[in-house]
Amino acid sequence: MTREPRADAWIGRPLPRVEDDRLLRGDGRYVDDIALPGAVQAAFLRSPHAHARIESVDAAAARSAPGVHAVWTGEDVAALPPLLNKEELRVPPGLAELLDPVNRPTPMPLLARAKVHYVGEPVAVVFAENRYLAEDALELIDVRYAPLPVVVDPDAALAADAPLVHDGVPGNTALAVETRVGDPDGAFAGAHAVIAEEFVAHRYVASPIETRAISAQTDPFSGHLTVWSGTQTPHRLRDAIAHTLGLDPAAVRVIAADVGGGFGQKGILYVEELLVPHAARLLGRPVLWREDRGENLTAASHAREQVHRIELAADADGRLLAVRDRITVNFGAYNMTGLVVPYNSLCHLLGPYRVPNVDIAVAGALTNTTFATPYRGAGRPEAVFAMERAMDRLAVRLGVEPAELRARNLVEPSAMPYATGLVDRSGKPQSYDSGDYPELLRRAVAKAGLPDVRALRESGRRVGVGFAMYIEATGLGPFETARIDVAPSGRVRLAIGTPSQGQGHRTSMAQIAADALGVPPSEIDVVGGDTAATPFGVGTIASRALVNAGNAAHRAGLLVRAKILAAAARRLGVPADRLDLRDGAVHGGPEPLTLAGLAGRAPFDDGGTELSETVHFRPPGFAVAGGAHAAVVEVDERTGEIEILRYAVVHDAGNIVNPLIAEGQITGGVAQGIAGALYEEMVYGPDGQPRTTTYMDYLVPTSSEIPDLDLDELFTPSPMNDLGVKGLGEGGAIAPQAVLANAVEDALRPLGVVVRRGPLSPSRVRALIREAAA
């Protein structure tokens, strides 16, 4: 279903985002902007304990407080099924058969009844005339707790004597999976050089500008629910609401409004999203809940915390013989998404390198901390941090430049498609479909300016250079939907199952449909994330929207184009193959026939059909993107301050639909990666109390802390889809932690410093220098 691109193709043009004018004028329509007459507001009482038995809950005083409509405790909603993120917890058949992973779900009650498992777990909810009255009523709820032993560290949680977070999960092991390729034990035994290291990817938070929010109301005529949410997965939310409340999914409509950042945190289901619609039905009033920043930092999902005990084996020429990694993932108090993050780490660990022998095992540990779920990169930044740090440590052992060691081990373009021997996340043999990793590295090395860096170092400055490479399997299935309708006015409506949280779908998807149809993007209205517009869909997660929704839009556009030409041929009495549709009009007849002139007469008297089509695109496999980052830093060894002197990114995301949007996506991802590398950390005390609960303690950088980026791109189209595209929404966030750690260690190597975890705050850098000198 392809056709030759025209010289005037819209794909590839850096069109300004059509969304921006409205948003910059303050005319966005976020959940909190949707004023529902008569709405009551919700506020949640959350556990102050990391682990405790609930002995009693007395809400009588709160129920009689001014302006309060209802107060619910765990007993009031005990009849409702607990929360399970079923799609994320599902194990693909291929993985189940080949690897037989342990995956123990931990259903989450909508409100805690017997126990609380982390600070911030919802215990009760108040619905009142406004948030102020609801918060006042929360203070009147008397909850008696009996504290229980707490475990915070994931390694400690897996110890035999650790307190159990959930009685039904032995050893606090919520997940375990391992895989082997070749003969890793033999490879290590015969290797010329072996390095063994422990690297820690620290915990931090997505922290979107707009926190979570949801509002709901019931139509008094039909009884149907309409829900507005900042979700990344409206169809999954619709199905979960319907299941929880015992409704037909057709009776629930979920609309993803404007979303002020999602980054994966809004890609899962939460109990609040189920309780608010339930309240709207029972109270007969619209209900709104919006999360405050403290709740977002402590009760919305966390991410990233992993421990890697990694070993590399190499021959005398520095060619990798084997990798062995024992990965511990801190799941927090609930197993919310199963294999998603741990297996992403596992199957991305090898990166762009040839490694013939592999031994990787992953354990997911339950702890008394907020549950962890995917965050931009979803397991890949953690794996890249471990592998790229190990590559630098191996380079030191061998006395080889880190860039040269990488070059010796890269998969060559001639080897594509390249089979790693692993199984991918869908349960199929893992294969890299296309790419030129040596060229990515060559360009990154050139941009780093190694001679200049070495000259600065010889002058006595603590300057270092770092490199990091990654691959990303993008375009996760199983499908995505696009529907195109031509209105009687001649305007085109493109409805897709993927909502936008800043990705510019209304622009890029219109460009795709414009090329397929022969209509200018300005004549196309894009609707995303409305379950009434597309009854079937998955959502905007896992760098999948462009690959899946984009190709669905492309195919739907081709089908509608064929219908338009067939209808015009009947109208004009001209063979369809002599007609062309361009600039919104059919040419080749006696005179141009506009879409309005054609569609205004549908349904057609001559037996034609309406000018519409729905396509569900199912990707045959992953489109594998890749990239190389280079960073030059200077470290002040007195203060521990790090200055980024140069930061370069060379990325490959196949064919680019809109270069302007692509640059923005890469830049935003790098900014979040730098934030995690140098600033952000969610810290817990041994008692399970979060210590970085406000922006006074949880450091989020501003634009002034992010350097100008030197961006370059390579185009190796993916053969896995018609458009040849690969996802790029997460790519920028994958390598910054690794590349900056490598650069800082390079700068401080004369002092004996080894970087094994982040963030590289001034205090941590100074501590590393002191430890190296001891």
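## His-348 and its surroundings

Beyond its neighbours within four places in sequence, His-348 is in contact (heavy atoms within 4.5 Å) with Arg-380, Ala-383, Ile-471, Glu-472 and Ala-473. With Arg-380 there is a side-chain to side-chain polar contact at 3.2 Å; the term means a pair of N or O atoms within 3.5 Å, where, within protein, one must be able to donate a hydrogen and the other to accept it, and residues adjacent in sequence count only if both atoms are side-chain atoms.

His-348 belongs to helix H11, residues 340-348. His-348 counts as buried because its relative accessibility is 2%, the cut-off being under 20% relative accessible area with a 1.4 Å probe, protein chains only.

## About the model

This is a predicted model, in which local features need pLDDT of at least 70 and side-chain atom pairs count only at pLDDT 80 or more, while totals for chains, interfaces and linings use all residues. Residues are numbered from 1 along each chain as its sequence is written, and side-chain values use heavy atoms, leaving out hydrogens and water.

An automatic or database assignment gives, among others, domain 1 (149-205 + 302-424) and domain 2 (210-260 + 266-299). Their C-alpha centres are 36 Å apart, and seven residues of domain 1 are in contact with seven of domain 2.

Together the two domains bury about 460 Å², 63% of it on carbon and sulfur atoms; this is accessible area (1.4 Å probe) lost on putting the two parts together, summed over both. Val-205, Thr-370 and Phe-371 supply 57% of what domain 1 buries against domain 2. Two residue pairs make polar contacts across this interface.

Terms used: Helix = DSSP H or I, 4+ residues; strand = E, 2+ residues; numbered from the N terminus. Buried < 20%, exposed > 50% of the residue type's maximum accessible area, 1.4 Å probe, protein only.
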